[in-house]
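Walk through this fold with the coordinates open.

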Amino acid sequence: MSQQHVPFRVWVILLEALFLGAVPATGLQRPDGAPKSPALDACALLTSSEVQRVQGEATQDAKAGNDQSGALLVRQCLFRTTTPIHSVSLAIALPNPAASGDAISPRTFWQSKFHSPENEKEKRGESGEPEGSNPRPVPGIGDEAFWVGTSMTGALYVLKGNLFLRISAGGIRDEASRIEHSKTLAALALKRLSDMRP
């Protein structure tokens with residue numbers, strides 16, 4: 001059975017809804033961002049001081065949320081800064097241990113979304129999609145990374161092993177700076193995740 005092609009921008013909207021829907025209205029309040037439950041807590045992947053060093057503002061609190069969507073288990077944290085527009089959103093997609101044995105892995109999911117023939121055309125700008133909405137490779141982070149966004153907003157998606165994360169650093173007008181801030185924060189999160197795992 002052939003899969004119907006979903007334009008990349010539509011897939012991103014669906015993925016954003018999955019990630020953003022993972023944060024409940026009342027989350028875990030964690031002002032210091034200190035590790036709590038390493039395997040399960042996205043708020044443990046960055047500290048308040050790291051967010052402040054990159055974003056220039058202190059973290060007021062961190063709200064964690066979880067969601068299960070078929071094969072993917074999503075852990076998310078919103079690091080809210082003094083000025084909310086400079087907040088950082090971090091989500092990580094992991095294998096769902098409750099999923100059936102033939103469920104798709106995060107890495108396979110990534111490959112099907114970023115490397116299908118149709119989405120390869122979109123990345124090259126051959127799909128007729130608006131300029132800036134197609135994924136752009138970002139070198140030097142994880143196994144592979146893409147920036148998805150426009151001149152106004154965007155997020156960095158990073159694949160590492162059998163998981164991927166999405167990170168967005170807010171309040172930065174210049175897109176190149178937004179990418180660099182997101183890349184720096186993603187590297188810190190991946191390093192801490194690596195240190196936590198056996």
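Strand β2 covers residues 72-81 and is mostly covered, with eight of its ten residues buried. Buried means under 20% relative accessible area, exposed means over 50%, and partly exposed lies in between, using a 1.4 Å probe and protein chains only. Strands are DSSP runs of E with at least two residues, helices are runs of H or I with at least four residues, and both are numbered from the N terminus. This is a predicted model: local features need pLDDT of at least 70, side-chain atom pairs count only at pLDDT 80 or more, and totals for chains, interfaces and linings use all residues. Residues are numbered from 1 along each chain as its sequence is written, and side-chain values use heavy atoms, with hydrogens and water left out.

Now find the partner of β2. β2 pairs with β3 in the antiparallel sense, over eight bridges. Two strands pair if DSSP finds at least two bridges between them. L72 has P95 of β3 as its bridge partner, and Q76 stands opposite A91 in β3. A hairpin of six residues joins β2 to β3.

Stop in that connection. T83 sits in the loop between β2 and β3. Is T83 buried or exposed, or something in between? T83 counts as partly exposed, because its relative accessibility is 33%. From T83 to Q60 is 23 residues in sequence, and 9.2 Å in space from C-alpha to C-alpha.

Move on to β3. Seven of the eight residues of β3 are buried, so the strand is largely enclosed by the rest of the structure. β3 also pairs with β7: six bridges join them, and they run antiparallel. Here V88 stands opposite A169 in β7. As a guide for looking at any of these strands, in a regular strand the side chains alternate between the two faces of the sheet.

From β7, step back to β6. Five bridges join β6 to β7, again antiparallel. V158 has L165 of β7 as its bridge partner. The two strands form a hairpin with two residues between them, and G161 in the turn has a positive phi of about 60°. V148 is bridged to A155 in β6. The β5-β6 hairpin has four residues between its strands.

α5 spans residues 175-196 and has 22 residues. From its first C-alpha to its last, α5 reaches 31 Å, close to the 32 Å expected at 1.5 Å a residue. The expected span is 1.5 Å times one less than the number of residues. Buried residues of α5 include E175, R178, K183 and R192, along with I179, L185, L190 and L193. What do the buried residues of α5 pack against? They pack against α2 (48-55), β3 (88-95), β4 (136-137), β5 (144-149), β6 (154-160) and β7 (163-169). Contact means heavy atoms within 4.5 Å.

C43 lies between α1 (8-20) and α2. C43 is buried, with a relative accessible area of 0%. C43 and D61 are 18 residues apart in sequence and 9.8 Å apart in space, C-alpha to C-alpha.

Finally, zoom out. The protein chain has five helices and seven strands, in the order α-α-β-β-β-α-α-β-β-β-β-α. Of its 198 residues, 47% count as buried.
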